[in-house]
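Subject: A structure to look at

Hello,

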Amino acid sequence: MKSNTVFASFLIILSLFFTACEPSSQPYDDPAGETEVDALASHIDHNTKPGDDFFQYANGKWFAENPIKSTERYAGLWLMIQDTINAQVLDICEKSAKANGEKGSTKQKIGDMYQSGMDSTARNQAGIAGLKPTLDQIDAVSNLDDFATVLAQLHRLGSGSVFGLYIGQDDKISSKYAINIYQDGLSLPDREYYFDAELDSTRLEFIGFESRMFQILGMDETAAQTAAEGNMKLETAIAKASRKMEDLRDPYENYNKMPASELGKWMPSLNWDRYFKTVGLTAIDTVIVVQPEFRKSIDVVPNSYAL
């Protein structure tokens, strides 16, 4: 009899334990006296067993209430944050455009930039006039020193030409920022677009697109087609030395720190002193080369293609 009583007590305690652990989407009172809803529990899809599909169980209700928009590829918290930021930026731009701010003020600069972007008629009339100074600089490149200078100027403008450069938190020393150099220079989404047989038509369409862009720059049809095919050949060489998407996931393989003084040995075709001076970086001790083997294609560019 005593053992039955103990066993019954154990079952009662066990049932109370699982009841307490069952997530609830009901409001609860926090210590501050405010009533809140458990946001995570409110997303649970109770029609799905967690052992069958835990992701659906944990998030199913949220996705049902927040379907993917026809204009987007996915739905989620980061998209909601980005939409909020975009709305705030748009509000700032529209108000600045209407403010008629004092010349030289931040409002005036933001307003002018926004209006110039929205005025498609004026943009079409201007054509490539705004790009002309940069295009002239590129055309004037005659040696590797010029190449380093113009490459740095393009990077300052946000272009991903040849390779990429950014400053971010050092992955192994969180108290410091580091200069990172990484593979870039491709117009298509990733390296597989240059080699996948199923994407032959995409590559042909891309060459056609580039040919039309070169014609807008003033080339005749034949010269534009030749330039487009040449650029495709160049980008294919860069893609060949680029890591595959799955190989970019390893944070240890993507962390290769070296003294800045060693860059000249690692990639001798680029005048690094001139490059860093032009890009605006001084007193550099170390850099992180994310994909070191990428230098093979970068060294090929200025030595194998007409500047």
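Below is a short tour of what was found.

**Ground rules**

This is a predicted model, in which local features need pLDDT of at least 70 and side-chain atom pairs count only at pLDDT 80 or more, while totals for chains, interfaces and linings use all residues. Residues are numbered from 1 along each chain as its sequence is written, and side-chain values use heavy atoms, with hydrogens and water left out.

**How confident is the model?**

The predictor gives each residue a confidence from 0 to 100, called pLDDT. The protein averages 86 on that scale, and 86% of the residues score at least 70. Confidence is highest in helix α8 (residues 200–216), with a mean of 96, and lowest in helix α1 (residues 2–21), with a mean of 46. Over residues 10–22 the pLDDT is below 50, and this stretch has one contact in the model beyond near neighbours in sequence (a contact means heavy atoms within 4.5 Å). Where pLDDT is low, the predicted coordinates should not be read in detail.

**The overall picture**

The protein has twelve helices and six strands. These are DSSP runs numbered from the N terminus, with helices being H or I over at least four residues and strands being E over at least two. Of the 307 residues, 28% are buried. Here buried means under 20% relative accessible area, exposed means over 50%, and partly exposed is in between, using a 1.4 Å probe and protein chains only. The accessible surface comes to about 21,100 Å², and carbon and sulfur atoms account for 56% of that; the areas come from the Shrake-Rupley method with a 1.4 Å probe, and for residues only the protein chains shown count as cover. Among contacts between residues at least 6 apart in sequence, 51% join residues at least 24 apart.

**Aromatic pairs**

Rings of Phe, Tyr and Trp (its six-membered ring) pair if their centres lie within 6.5 Å; planes under 30 degrees apart count as stacked, over 60 as edge-to-face and the rest as tilted. By this rule there are nine aromatic pairs. In one of them, the ring centres of Phe54 and Tyr57 are 5.8 Å apart and the planes stand at 45°, so the pair is tilted. Phe54 and Tyr57 are separated by about one helical turn because they are three residues apart in helix α2 (residues 54–65). Phe54 is exposed, at 54% relative accessibility, whereas Tyr57 is buried, at 13%.

Phe163 and Tyr275 make another tilted pair, with 5.6 Å from centre to centre and 55° between the planes. This pair links distant parts of the chain: Phe163 is in strand β3 (residues 163–169) and Tyr275 in helix α11 (residues 272–279), 112 residues apart. Phe163 is buried at 0% relative accessible area, and Tyr275 is buried at 0% as well. Phe163 and Tyr275 belong to one aromatic cluster with Trp272 and Phe276.

How do the axes of helix α3 (residues 77–99) and helix α4 (residues 106–118) cross? They come within 7 Å and cross at roughly 100°, which means that α3 is roughly perpendicular to α4. Axes are lines fitted to C-alpha atoms, for helices over the stretch in contact, and angles run from 0 to 180 degrees between N-to-C directions. Angles under 35 degrees count as roughly parallel, over 145 as roughly antiparallel, 65 to 115 as roughly perpendicular and the rest as oblique. Among the residues that meet are Leu90, Ile92 and Cys93 in α3 and Lys107, Ile110 and Tyr114 in α4.

Ala239 lies in helix α9 and is buried, at 0% relative accessibility. Its C-alpha atom is 8.4 Å from that of Gly185, 54 residues away along the chain. Leaving aside neighbours within four places in sequence, Ala239 is in contact with Leu186, Arg191, Tyr194 and Phe195. Ser242 is in the loop between α9 (221–240) and β5 (257–259) and is buried, at 7%. With neighbours within four places set aside, Ser242 touches Gln183, Leu186, Arg191 and Phe294.

**Two positive phi values**

Val162 is not a glycine, yet it has a positive phi of about 65°. Val162 sits in the loop between α7 (144–156) and β3 and is buried, at 13% relative accessibility. Ala283 also has a positive phi, near 50°. Ala283 is in the loop between α11 and β6 (286–289) and is exposed, with a relative accessible area of 83%.
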